[in-house]
Amino acid sequence: MSGVVTGDAVVLGLQPARLPSRALAVLIDLAVVWIVYLLVLLGLALATASLDEAATTALSIASFLLVLVGAPIAVETLTHGRSLGKLACGLRVVRDDGGPIRFRHALVRGAMGVVEILMTFGVVACIASLVSERGRRLGDVFAGTLVVRERVPAARALAVPPPPPWLVGRFAGLDLSAVPERLWLEIRQYLTRARELDPFVGRRLAERLADELVALTGAPPPPGVPADAYLAGVVAERQARDSRRALSAVAEGPGVAPVVPGVAGVSSASAVPAVPASVVLPPEVPGGGEGGARATGFAPPA
């Protein structure tokens, strides 16, 4: 799930599930639950053959509540919205703000599901999903939840737009080692969805992401560079570094470490003293001294 949430509490990168996929997930869940319920009834019939009719009826009602009502609530609570049917269809139940559901959400959905799915054979749930803009049934409305698609086809993935030409190579000396993957994911998702956002919301979101990136790299953007252009330039620089690293690894291939002359059995890799992991070396900038590039984080202009 994406960590970027717009001002309308819409999670970027996730799509609300529609009626066909939700109906298939419900059918899978109901098939599994009814099979388990029939097996429980068969076991109770064999185990309670000597009991009277009142005790048998009480056990049947208890098994109905536990298996057909309690089991789906427990599964959605423990799996954070992923039942067996939803897992097979690539769906998940989340809160309206995109967070994982809790027991109270699963309880409300399960209680309403008895009325709109079991007692009405799914007619009420189908009508509510067709009327709702985001395909929510009554249980989702009362619980404040939403069923979304977790698996989005790869063909629909959007590429990160390139930065302005005058920013290409401008961030070659920027130290990106402290930027976590979470922030990279948020920046990429913002850049791919920037045109779909409200201009004011998009500008505020770009400024927040740029401030986080500056705090981690220690180098502010050049004067006059907008926040969205700054983010695009830094992401392009990181992608360029990853491409160069991958090409160099393929070009080198598996090889044998050279042996240090005059020292038997010692390779040059082991002869070089190791640098402690706690020491972070500043990046080297070709053609630039240590003063400008390392102080500002940017390569000096040509």
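User: Which residues in α8 do Arg-182, Leu-183, Glu-186, Ile-187 and Tyr-190 in α7 meet?
Analyst: Ground rules first: this is a predicted model, with local features needing pLDDT of at least 70, side-chain atom pairs counting only at pLDDT 80 or more, and totals for chains, interfaces and linings using all residues. Numbering runs from 1 along each chain as its sequence is written, and side-chain values use heavy atoms, with hydrogens and water left out. Contact means heavy atoms within 4.5 Å, while helices (H or I, at least four residues) and strands (E, at least two) are DSSP runs numbered from the N terminus. On that basis, the partners in α8 are Gly-202, Leu-205, Ala-206, Arg-208, Leu-209, Glu-212, Leu-213 and Leu-216.

User: How many residues of the contact of α7 with α8 are nonpolar?
Analyst: Nonpolar covers Ala, Val, Leu, Ile, Met, Phe, Trp, Tyr, Cys and Pro; charged covers Asp, Glu, Lys and Arg; the others, Gly among them, are polar. Sorted that way, the contact has 4 charged residues and 1 polar, and the nonpolar count is 8.

User: Are α7 and α8 roughly parallel or antiparallel to each other?
Analyst: Helix α7 (residues 181-193) packs on helix α8 (residues 199-217) at about 150°, with the axes 11 Å apart. Axes here are lines fitted to C-alpha atoms, for helices over the stretch in contact, and angles run from 0 to 180 degrees between N-to-C directions. Under 35 degrees is roughly parallel, over 145 roughly antiparallel, 65 to 115 roughly perpendicular and the rest oblique. So α7 and α8 come out roughly antiparallel.

User: Is the crossing of α1 and α2 left-handed or right-handed?
Analyst: Helix α1 (residues 19-47) and helix α2 (residues 53-78) pack at about 155°, with axes 10 Å apart. A crossing is left-handed if the near helix is turned anticlockwise from the far one by less than a right angle, and right-handed if clockwise. The crossing of α7 and α8 is left-handed; α1 passes α2 in one that is right-handed.

User: How many charged residues are in the contact of α1 with α2?
Analyst: Among the residues making this contact are Trp-34 and Tyr-37 of α1, and Phe-64 and Pro-72 of α2. By class there are 12 nonpolar and 2 polar residues, and the number of charged ones is: none.

User: Is Glu-237 buried or exposed?
Analyst: Glu-237 sits in helix α9 (residues 227-252), and leaving out residues up to four places away in sequence, it touches Phe-171, Ala-172 and Arg-244. Under 20% relative accessible area is buried, over 50% exposed, and in between partly exposed (1.4 Å probe, protein chains only). At 8%, Glu-237 is therefore buried.

User: Which helices are included in what covers the buried residues of α9?
Analyst: The buried residues of α9 include Tyr-230, Leu-231, Arg-238 and Arg-241. Their cover includes α7 and α8.

User: What is the relative accessibility of Phe-121?
Analyst: Phe-121 is in the loop between α4 (103-119) and α5 (123-131), and its phi is near 55°, positive in a residue other than glycine. Most residues other than glycine have a negative phi. Phe-121 counts as exposed because its relative accessibility is 76%.

User: And what is the relative accessibility of His-80?
Analyst: His-80 isn't a glycine, yet has a positive phi of about 60°. You'll find it in the loop between α2 and α3 (84-89). His-80 counts as partly exposed because its relative accessibility is 37%.
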